[in-house]
Amino acid sequence: MGWLFVSPSVTVLGLFLLLPILMAAWVSLLDWDGQSNPFTGGRAEFVGLDNYRDLLVDDGLDRTLFATSLRNNAYYVLLFVPLVTILSLTLAMIVNQRLIRGRSLLRTTFYFPSVTSTIAVSTVFLFLFQGSGAVNRLLSWFGITGPNWFADSRGVVWVALGALGLVDPERPSGFLTEHDFLGLSWFEWLSGPSVAMCTMILLAIWTTSGTFMLIFLAALQDIPRELEEAAALDGVNRRQLLRNVTLPALRPVLFLVLTLGLIGSWQVFDMVYVMGQGAPGNTTLTPAFLSYQSGFDNADFGQGAAIAFILFAIILICTGLQRWLLRERSGRSAR
């Protein structure tokens with residue numbers, strides 16, 4: 001009877017999730033242009049692991065573009081996930097205050113960007129952050145000359161170090177340029193996200209923090225008030241209350257938010273598609289968009305599927321590592 005009741009869900013998941021994954025895995029082993037049936041021969045040639053080899057091993061444009069997209073997305077993850085988590089938790093704690101006025105209005109205001117179309121918001125950001133846009137005009141009131149945000153391919157790490165006079169971004173040292181990984185020099189790996197990518201990260205944080213705020217808010221409201229009252233009687237301050245009471249109680253929800261943020265940040269596509277499609281200089285290129293570009297623009301669906309499966313493996317590894325780290329900390333707390 002149990003299998004009878006779950007059979008509709010199992011059937012739908014099998015037809016629309018498991019079967020497409022298996023089909024995509026087969027396509028990743030082919031040289032297929034999308035103009036024939038990949039399962040009946042025709043113009044689809046079996047090439048084995050050549051698509052993966054072109055992306056990870058063999059020197060060439062394919063590996064360079066893939067490494068560039070990995071670098072861009074890695075910096076996106078490193079900045080987006082912690083910043084959006086901290087911001088959403090802070091907003092949740094603000095709107096959870098019992099004595100604050102207008103809590104409902106604040107919750108609606110903070111959550112509103114999350115229900116707005118990403119395409120529409122991306123278009124608005126293009127106007128705000130253009131060379132003569134509102135952001136640069138606002139900065140000019142303080143005597144700051146803003147960059148042409150979405151046309152600036154400079155890495156923010158070298159921009160900051162160059163401004164401090166520590167390095168010369170135009171003439172990097174020999175060590176950084178002579179050694180490479182996946183076709184990119186260490187200078188390119190360590191350059192940090194471009195100015196254009198930082199703008200996209202800002203947009204993503206603004207549109208995502210509201211959703212995570214609601215998740216944290218629901219968890220905060222489930223914390224027993226007795227714990228806070230007992231801590232207050234012990235004379236703890238707000239920082240100690242956050243560290244020793246609130247955060248341990250939020251550990252499962254914190255893992256959920258971090259996991260959702262991690263998976264979503266590795267799959268970023270829509271903003272890249274609207275706000276430059278990898279420009280300037282491929283500094284906003286991501287693996288998800290590169291997969292789309294390989295298949296639908298270059299008619300190389302085998303390579304596009306291979307990129308998707310490498311990205312899938314990266315997400316699984318990052319999620320497993322994150323779960324292991326949080327489990328270790330919870331075990332120590334339990335002891």
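Trainee: Which residues of H13 are buried?

Mentor: Happy to start there! This is a predicted model, where local features need pLDDT of at least 70, side-chain atom pairs count only at pLDDT 80 or more, and totals for chains, interfaces and linings use all residues. Residues are numbered from 1 along each chain as its sequence is written, and side-chain values use heavy atoms, with hydrogens and water left out. Buried means under 20% relative accessible area, exposed over 50% and partly exposed in between (1.4 Å probe, protein chains only), and in H13 the buried residues are Val-253, Val-257, Leu-258, Thr-259, Gly-261, Leu-262, Ser-265 and Trp-266.

Trainee: What kind of aromatic pair do Phe-129 and Trp-149 form?

Mentor: Rings of Phe, Tyr and Trp (its six-membered ring) pair if their centres lie within 6.5 Å; planes under 30 degrees apart count as stacked, over 60 as edge-to-face and the rest as tilted. By this rule there are 17 aromatic pairs. In this one the centres are 5.4 Å apart and the planes stand at 85°, so Phe-129 and Trp-149 are edge-to-face.

Trainee: Is Phe-129 buried or exposed?

Mentor: Its relative accessibility is 8%. Phe-129 therefore counts as buried.

Trainee: How many residues apart in sequence are the parts tied together by Phe-269 and Tyr-292?

Mentor: These two rings form an edge-to-face pair, 5.3 Å centre to centre with 70° between the planes. Phe-269 lies in the loop between H13 and helix H14 (270–274), while Tyr-292 belongs to helix H15 (residues 287–297), so the parts they tie together are separated in sequence by 23 residues.

Technical notes. Helices (H or I, at least four residues) and strands (E, at least two) are DSSP runs, numbered from the N terminus.
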